[in-house]
Every structure is written in structure tokens, then in C-alpha cells.
Amino acid sequence: MALGSVILFAVLALVVVGSALGMLLSRNAVYAALFLVLNFATVALLYLILGAPFIALTQITVYAGAIMILFLFVIMLLGAEKLPDTARSGRQRWVAALVALVFLAEVGLYVAYRGSNLAGMPALTADFGSPVAVGLALFEKYQLPFEITSVILLSALVGAILLTRQEKQRS
Amino acid sequence: MTITYYLALSVILFTLGAVGVLVRRNAIVIFMSLELMFNAANLVFVAYAAYYQLINSQLFVFFVMTVAAAEVAVGLALMVAIFRTKHSIDVDQMSALKG
């Protein structure tokens, strides 16, 4: 196991977890959105390490670009960054702590029982995950799901327009 | 590098997203926490794609991203519509259906 790759992963993981915590803890919704952009960009770097350059760049353009711009638009449109946002009281906080504990305990058990069986990551070939490979698999093997996603996007488009349309005054 | 590191990072991300959904009251921040959970799932998909040398799970990430984009578009439109009627996006105030 190369020490350099472990150090690189540790630095990136620290940035990922730190920006996620920053998103959770920041009172201002605009800061939360900017922390989330940092998080998405850093996860895209992890995708590059894992041999998925196409997915990494899709992550940058779709998530860190388009989706977060949409979030910032809506935050500024509604003035949501000024809304008071205190944490929810009492019971819900305990549920959150319980859920967190259960998730972490699950992965702890998994690592304790199965972690030793998992081998190291195999070395990746140069063209693994290249845009050519992804495109060929997408249009040969997964053509029907690909077409269905276009229907999903179309219905989301129609739904978004329908929901935000101003109601006409009925006389 | 074993895949366990990536699994652990992904679980931590997913946990932070779930805690964010339960703790925060601003509906937009709740949406961002949902995106964080999508991201954690995508990270596992890509890590296993590299582990098993299969391109298929990278395509799953592609489809998850598409669905997430559609979900965000509809969700934020809902948010705008709710803000127009209630002048707030505090989820504790959206209790009109509560018995």
C-alpha cells in the first residue's frame, strides 16, 4: 500500500467531512450551499482517483454547477438566508443521534466481520472509466434506462413549471 | 488503499446527511442534506466499480445524478410554491395536515 495515496485520501476525506459538517452547522443557507459545492468538488476528486473521470466531470458540471446554482437562485429568490433556523427541539434531536449511532455501528460491525476479507483496490487500466467506455456501455447495454431518464427529466421540467406558475385570478 | 476506507467515508457522509435532515428546520438545508446522502451512495458505487473493475456501477451513478437533478427541480419548485402561500419554508410550520 503506497503511503502517498493514503495521505492523499486522508486529506481529501478530511475536506469532505469538514465541508459536510460546515454545511450542517452554518446558520446562513448561502454558506451551507457554498460548503456543499466544496464537498461535491472534493468528492469529484475522489472519483478521479477511483478511475471515473467521466463521472467526476459530470459531478462538477451537474452537481457543483447546475444543481447548486439552482439552490442559490432559490435561496436568494426567497430570501431564505435570513430566516431564523434554530435546531429542532427535544425528541427529534434524540432520533438524529440514534440514527447516527445505528449507521456508525452498522459499518463498524461490517468492518469487524468482513473488513479483513476485502483485498486492496486492484490497479486500474488506463482506459477504465474513460468517456468512450462509459458511452459505449450507456448506449449499448443501458439504452432503455437512458431513454427513461429523458422522460423523467421531461416530467420534472413540466412539474416544475406547473408548480411555480402564477395562479390566474378567477373572476 | 482498501475499499474499507471509502466505505467508512461514505457512511460518515451519509450519517451527516441523515442527521442534517432530522435536525435542521430550513427546508432548503434539508434538501442539501438529501444531496449529501445521494453523494455518499454515489461514492460507494464508484468505489465498487473500481474494486470489481466493472463499468456498470459508474452508469448507476449517472442515473442517480439524473434522478437527483429531477428531484431538486421539482423540490425547489414546491419550495417556491409553499413560500408563496405560507411566507416561510420552516418545516415545523408545514403542519396543515396534522390532526
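The model is predicted, so local features need pLDDT of at least 70 and side-chain atom pairs count only at pLDDT 80 or more, while totals for chains, interfaces and linings use all residues. Residues are numbered from 1 along each chain as its sequence is written, with chains lettered from A and ligands numbered from 1 in the order in which they are written.

**Chain B on its own**
- Chain B has three helices and zero strands; helices (H or I, at least four residues) and strands (E, at least two) are DSSP runs numbered from the N terminus.
- The C-alpha trace of chain B spans about 50 × 25 × 20 Å along its principal axes.
- Of its 99 residues, 53% are buried, meaning that 20 or more other C-beta atoms, placed from the backbone, lie within 10 Å of a residue's own.

**The largest nonpolar core**
- A nonpolar core is a set of buried Ala, Val, Leu, Ile, Met, Phe, Trp, Tyr and Cys residues joined through C-beta atoms within 7 Å.
- The largest one has 67 residues, and those with the most contacts inside it include Tyr47(A), Leu13(B) and Ile28(B).
- The largest share, 13 residues, comes from α2(B).

**A look at Leu13(B)**
- Leaving aside neighbours within four places in sequence, Leu13(B) is in contact with Val16(A) and Ala20(A), as well as Leu36(B), Asn39(B), Ala40(B) and Leu43(B).
- Contact here puts two C-beta atoms, placed from the backbone, within 7 Å.

How values were computed: Buried ≥ 20, exposed ≤ 12 C-beta atoms within 10 Å, placed from the backbone.
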